[in-house]
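Biologist: I have a model on screen and want to learn how to read it. Where do we start?

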Amino acid sequence: MKAKKIYDSLLPPGHPNRAVPRVNLGNVYLAAGNYNFACDEYESALKLQEASLPADHPDIARTLHNLAVVETHLGNLVMAKEYFERAEETATKTLASKHPIMSLLGKTKNFMVDEEKEFIVSEH
């Protein structure tokens, strides 16, 4: 929380690095299983990134990916799929197939498929 205040006080509005502490907090919340807080931080970061970076920037793809993971954990599979598809579309515009984000997207797709199968089984 303090990092956000520091970044916000030192960087001008619209600076892309204002998203950095929000992404980092989202990562901490995700790792701790606090998915709602993670989602809030990632959504805040995404708004800043979309306002200050080119639409095909890898940071946007990464944040969209993180939102897909969080939404999957929350059981919001439709929203997770939307975020994932946007992440994949954004990443494929500028990144080579061997880029780490592309590999991460492949692993996340498998995770999402497994979660969807579990969700379907638990409904019956």
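Modeller: Start with one residue and what touches it. Contact means heavy atoms within 4.5 Å. Leaving aside neighbours within four places in sequence, Leu 46 is in contact with Ile 60, Thr 63, Leu 64, Leu 67, Tyr 83 and Arg 86. This is a predicted model: local features need pLDDT of at least 70, side-chain atom pairs count only at pLDDT 80 or more, and totals for chains, interfaces and linings use all residues. Residues are numbered from 1 along each chain as its sequence is written, and side-chain values use heavy atoms, with hydrogens and water left out.

Biologist: Which residues have the most contacts inside the largest nonpolar core?

Modeller: In soluble globular proteins, nonpolar side chains tend to be buried together. A nonpolar core is a set of buried Ala, Val, Leu, Ile, Met, Phe, Trp, Tyr and Cys residues joined through side-chain atoms within 4.5 Å. Buried means under 20% relative accessible area, exposed over 50%, partly exposed in between (1.4 Å probe, protein chains only). Here the largest core has 26 residues, and Tyr 42, Leu 46, Leu 64, Leu 67, Tyr 83, Ala 91 and Leu 105 have the most contacts inside it. H4 gives the largest share, six residues.

Biologist: Why does Ser 44 count as partly exposed?

Modeller: Because its relative accessibility is 26%. Its side chain makes a polar contact with the side chain of Arg 22, at 3.2 Å. A polar contact is a pair of N or O atoms within 3.5 Å; within protein, one must be able to donate a hydrogen and the other to accept it, and residues adjacent in sequence count only if both atoms are side-chain atoms.

Biologist: How many helices and strands does the protein have?

Modeller: Six helices and zero strands. Helices (H or I, at least four residues) and strands (E, at least two) are DSSP runs, numbered from the N terminus. Ser 44 sits in helix H3, residues 35–52.
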